[in-house]
Amino acid sequence: MAAKVARGATVEFRPRGTSMAPLIRSRQLVTVAPVDPARLALGDIVLARVAGKMYLHLVSALDVTRSRVQISNNRGRTNGWTSYARVYGICVSVDGVPRPGAGRKVREPVPADG
């Protein structure tokens with residue numbers, strides 16, 4: 001999924017697990033779109049790689065000067081810091097319900113050279 005999003009695709013999938021409940025329950029349909037990491041805010045749900053693992057978790061802290069974000073689950077566990085380059089997408093909806101403000105953070109597609 002991350003590779004597709006990194007290439008500019010918007011994807012839908014059903015993540016498993018309880019670490020993001022009640023924001024995302026296991027097997028709910030999520031839509032993830034490419035993100036502009038510079039637009040992220042605390043509480044955004046992002047698809048990111050942290051310490052070699054992929055997470056669909058919350059942005060819990062921002063370090064704009066070092067271009068990185070801290071990723072945590074919704075149960076109080078911090079996964080760690082990761083660079084903007086490893087933040088692939090933002091969750092724009094859960095079971096068809098839009099996430100507030102997420103649509104404004106979607107990365108615009110890069111036009112193909114002609």
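Two strands pair if DSSP finds at least two bridges between them. In this predicted model, strand E3 (residues 45-50) and strand E7 (residues 87-94) meet that condition, pairing in the antiparallel sense over three bridges.

**Strand E3**

- Five of the six residues of strand E3 are buried, so the strand is largely enclosed by the rest of the structure.
- E3 runs antiparallel to E4, and six bridges join the two strands.

**Strand E7**

- Eight of the eight residues of E7 are buried, so this strand too is largely enclosed by the rest of the structure.
- E7 pairs with E2 in the antiparallel sense, over five bridges.
- Within that pairing, Val32 has Cys91 of E7 as its bridge partner.
- E7 also pairs with E8 in the antiparallel sense, here over two bridges.
- Val97 in E8 stands opposite Val94.
- In a regular strand the side chains alternate between the two faces of the sheet.

**Turns and backbone**

- E3 and E4 form a hairpin with two residues between them. Ala51 lies in the turn and has a positive phi of about 50 degrees.
- E7 and E8 likewise form a hairpin with two residues between them. The turn contains Asp95, whose phi is positive at about 50 degrees.
- Asp95 is not a glycine, yet has this positive phi. Its relative accessible area is 43%, so Asp95 is partly exposed.
- Ser67, in the loop between E4 and E5, has a positive phi of about 50 degrees although it is not a glycine. Ser67 counts as partly exposed because its relative accessible area is 32%.
- Ala21 and Pro22 are joined by a cis peptide bond with omega of about 5 degrees. Pro22 is placed in the loop between strand E1 (11-13) and E2.

**Charged side chains**

- Side chains of opposite charge can pair when their charged atoms come close. The structure holds three salt bridges.
- Lys105 and Asp44 meet through their side chains in a salt bridge of 2.8 Å, N to O. This pair links distant parts of the chain, 61 residues apart: Lys105 belongs to the segment after strand E8 (97-98), and Asp44 to the loop between strand E2 (30-34) and E3.
- Lys105 and Asp44 are both buried.
- Asp36 and Arg39 form another salt bridge, with 3.3 Å between the closest N and O atoms. Asp36 counts as partly exposed because its relative accessibility is 25%. Arg39 has a relative accessibility of 39%, so it also counts as partly exposed.
- Asp63 forms a salt bridge with Arg68, and the closest N and O atoms are 3.0 Å apart. Asp63 has a relative accessibility of 15%, so it counts as buried.
- Arg68 has a further contact: its charged end sits over the ring of Trp81, 4.1 Å from the ring centre.
- The structure holds zero aromatic pairs.

- Leu42, Leu62 and Val64 make a nonpolar surface patch of about 290 Å².
- Val64 is part of the loop between strand E4 (53-63) and strand E5 (68-72). Its relative accessibility is 60%, so Val64 counts as exposed; the cut-off for exposed is over 50%.
- Met1 is located in the segment before helix H1 (2-6). Met1 counts as partly exposed because its relative accessibility is 47%.
- Met1 and Tyr88 are 87 residues apart in sequence, while their C-alpha atoms are 9.4 Å apart in space.

Terms used
Residues are numbered from 1 along each chain as its sequence is written. This is a predicted model: local features need pLDDT of at least 70, side-chain atom pairs count only at pLDDT 80 or more; totals for chains, interfaces and linings use all residues. Side-chain values use heavy atoms; hydrogens and water are left out. Patches are made of residues with over 30% relative accessible area and no salt bridge: like charges are joined within 9 Å, nonpolar side chains (Val, Leu, Ile, Met, Phe, Trp, Tyr) within 5 Å. Accessible areas come from the Shrake-Rupley method with a 1.4 Å probe; for residues, only the protein chains shown count as cover. A salt bridge is a side-chain nitrogen of Lys or Arg within 4 Å of a carboxyl oxygen of Asp or Glu. Helices (H or I, at least four residues) and strands (E, at least two) are DSSP runs, numbered from the N terminus. Buried means under 20% relative accessible area, exposed over 50%, partly exposed in between (1.4 Å probe, protein chains only). Rings of Phe, Tyr and Trp (its six-membered ring) pair if their centres lie within 6.5 Å; planes under 30 degrees apart count as stacked, over 60 as edge-to-face and the rest as tilted. A charge sits over a ring if NZ of Lys or CZ of Arg is within 6 Å of the ring centre and within 35 degrees of the ring normal.
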